[in-house]
Each structure stands twice: as structure tokens, then as C-alpha cells.
Amino acid sequence: MKSRVLRPAAHLRSARLASPSTSTPRLILSARAASSLSQKPNANHVSFPGAVKSAFTHTLKYEAPSDYPALSTYRVVDQDGIVVDESFKPDLSDEEVIKLYKDMVYISIMDLIMFDAQRQGRLSFYMVSAGEEALSVGSASVLAPEDVVFCQYREQGVFKQRGFTTSDFMSQLFANAKDPGRGRNMPVHYGSKELNIHSISSPLATQLPQAS
């Protein structure tokens, strides 16, 4: 916190009790320091994730995203599996690639089965991770086992990649005696102290402060 010194007004000076000190009385007011992630002092723009260096304006105007070109999306292969970036050289062995693929397929199949089970009333709650299998499995694969992870509830792939078993998944979903959380959490809110993965919480943004 920064502070600034202001000379008190006349009525404030007169209200002070007599002091043996000969120094001029001072009034200390706190000034909130600007966040390095939002706005610097005297800045002409705001900067935070999602609006990096967004300039200030005094004109209110509706902006349509379609008016601006979208950022390019990098890919190595196209929808038909044909390599489109021949300069890309993977640093993974065939065994590692096969394991990543099996983990993704495992999560996809488990989601189909358990989603149906929830609709049949066998589970109170379930959320699938369709379309996000590669994201969670791939990102987890580059972390070291001692790295601590804060997941959200569509990232079952992180648990699978780190060694979570079918028994571990089912024990948590059905809150049985082998559930690491002892049945305290909703289904899909996995957690594993052994795998260095914190228990999933429903509010997503609350995990950002801990992870940072």
C-alpha cells in the first residue's frame, strides 16, 4: 500500500489537542495501489486476461466480434488425419502416443456409460468431458508426478493419465467405503492425495488463487 501526505484543513488543525511537538500535524491517507494486472497509474488502457491493452474510450459503441478477424488455430493434422505441418517432429515414443490415445478413449467410454447411469437414476450427478479429452490428458502428460494439479470437473483425463483406476473412479462416483473423500463430495468431484491432485470444487474460479 502506498501513502500520500496531505496537510489537514484549518478546522482539522484547530481540532487537534496541543502537542509539545513543534512539527506540523499531518493527516495520512491511504491510496490504493493499482494492480499490475489491471490498470497502471496514469495508464490509457486496461490490461487483464481477455482484454490485453484495451484502450479507454468515452464513446459507447456496440462491438460485434464478427467485425474482427479471429485468431488462427494451429493444427498438425486435418480432420482426415493427414499431416498438414510436415515440419512438426513429435518427441514421443510410439508407446507414449498409444497410452495417450488409450487414456482419451477410456474417458470417452466411461463418460458414455456413467452419463447413462445418471439418467437411469443410479447416480445423483455426472458431467461428461466430451471434446476435452485431449486437452486434459495431453496437458497432464507433460507434468512431473510431483507437480500439484487443480482440476475442474470436466478433466477426468488428468486423473486417468496419472494412474487413477476404474475402481478409484467408481468408488468416488458411488461414494463407497473406498472413496478417498469418504463420500463428502458430489460425484465427479474427484481428488487424490497420492497423485497430487486436489479435490475438484464446483465453483471453477475459486481454484485460480490456490493454483497461482
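**Exercises on a predicted model**

In helix 2, Asp103 and Lys99 stand 4 residues apart, which means that about one helical turn separates them. The structure used in these exercises is a predicted model.

**Exercise 1. A pair in helix 2**

Determine what joins the side chains of Asp103 and Lys99, and state whether each residue is buried or partly exposed.

*Solution.* 
Step 1. Side chains of opposite charge can pair when their charged atoms come close.
Step 2. For Asp103 and Lys99, the distance from N to O is 2.7 Å. The cut-off for a salt bridge is 4 Å, so the side chains of Asp103 and Lys99 meet in a salt bridge.
Step 3. By this rule, the count comes to 1 salt bridge.
Step 4. A residue under 20% relative accessible area is buried. Asp103 has a relative accessibility of 5%, and therefore counts as buried. Lys99, at 39%, counts as partly exposed.

**Exercise 2. A charged patch**

Identify which residues gather in the patch of negative charge on the surface, and explain why Glu96 can belong to such a patch.

*Solution.* 
Step 1. The patch of negative charge is formed by Asp91, Asp94, Glu95 and Glu96.
Step 2. Glu96 is located in helix 2, which covers residues 94-119.
Step 3. A patch residue needs over 30% relative accessible area. Glu96 has 41% and is partly exposed, so Glu96 passes this cut-off.

**Exercise 3. The buried residues of helix 5**

List the buried residues of helix 5, name elements that cover them, and state what phi is taken just after the helix.

*Solution.* 
Step 1. Helix 5 spans residues 166-174, and its buried residues are Phe169, Ser171, Gln172 and Leu173.
Step 2. The cover over these buried residues includes helix 2 and helix 4 (156-162).
Step 3. Just after helix 5 comes Ala175, with a positive phi of about 50 degrees.

**Exercise 4. The whole chain**

*Solution.* 
Step 1. Along the sequence, their pattern reads β-α-β-β-β-α-α-β-α-α-β-α.

Terms used: Residues numbered from 1 in each chain as written. Predicted model: local features only at pLDDT ≥ 70, side-chain atom pairs only at ≥ 80, totals over all residues. Heavy atoms only, no water. Patch = residues over 30% accessible without salt bridge, like charges linked within 9 Å, V, L, I, M, F, W, Y side chains within 5 Å. Areas by Shrake-Rupley, 256 points an atom, 1.4 Å probe, with all protein chains shown as cover. Lys, Arg positive; Asp, Glu negative; His and termini not counted. Charge placed at Lys NZ, Arg CZ, Asp CG, Glu CD. Helix = DSSP H or I, 4+ residues; strand = E, 2+ residues; numbered from the N terminus. Buried < 20%, exposed > 50% of the residue type's maximum accessible area, 1.4 Å probe, protein only. Contact = heavy atoms within 4.5 Å.
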